[in-house]
Amino acid sequence: MKNDSKKMYEQCKKHMHSYVLIETIEGARIDGIITGLDDEYVYMAVPIDAQTQMTNVSRDVEHDYRQFGPYGWYGPGFGYGPPRRFRRVVLPLAALAALSLLAWY
């Protein structure tokens, strides 16, 4: 492991399960929660944009909970559950330039 990668590994390890902002050497900025770490990669849960989720939902369809219940016709487990709020991102430690701790609020 290179010296720079070792420093980023130690920083990521220190901020495991924290909400952070990571900047890559290409200049990309990614905010999310560090969920895992190994010798080569950092694993993050990155929030999905709420506007993106809303475009995937048909706004003119209203559910009649009196007839079908809150889970739709087939009940839970058939695609009627809550939308995903995070996506998984895997970044190589060698590509990280900076890591900053962010507040949750």
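Among contacts in the protein chain between residues at least 6 apart in sequence, 64% bring together residues that are at least 24 apart. This figure, like everything that follows, comes from a predicted model. The chain has 105 residues, and 29% of them count as buried. Its exposed surface comes to about 8,200 Å², with carbon and sulfur atoms supplying 53% of that area.

The chain contains three helices and five strands.

Five of its seven residues are buried, so β3 is largely enclosed by the rest of the structure. Two pairings involve this strand. With β2, residues 29–37, β3 pairs in the antiparallel sense over four bridges. Within this pair, I34 stands opposite M44 of β3. The two strands form a hairpin, and three residues lie between them. The other pairing joins β3 to β4, residues 86–92, again in the antiparallel sense and over seven bridges. Here A45 has R88 of β4 as its bridge partner. As a general point for anyone following the side chains by eye, in a regular strand they alternate between the two faces of the sheet.

The backbone of H17 has a positive phi of about 65°, although H17 is not a glycine. For comparison, most residues other than glycine have a negative phi. H17 is also exposed, because its relative accessible area of 56% is over the 50% cut-off.

How exposed are R29 and E23? R29 has a relative accessible area of 60%, so it counts as exposed. E23, at 29%, is partly exposed, because this value falls between the 20% and 50% cut-offs.

Definitions and conventions:
Residues numbered from 1 in each chain as written. Predicted model: local features only at pLDDT ≥ 70, side-chain atom pairs only at ≥ 80, totals over all residues. Heavy atoms only, no water. Buried < 20%, exposed > 50% of the residue type's maximum accessible area, 1.4 Å probe, protein only. Pairing = 2+ DSSP bridges. Contact = heavy atoms within 4.5 Å. Areas by Shrake-Rupley, 256 points an atom, 1.4 Å probe, with all protein chains shown as cover.
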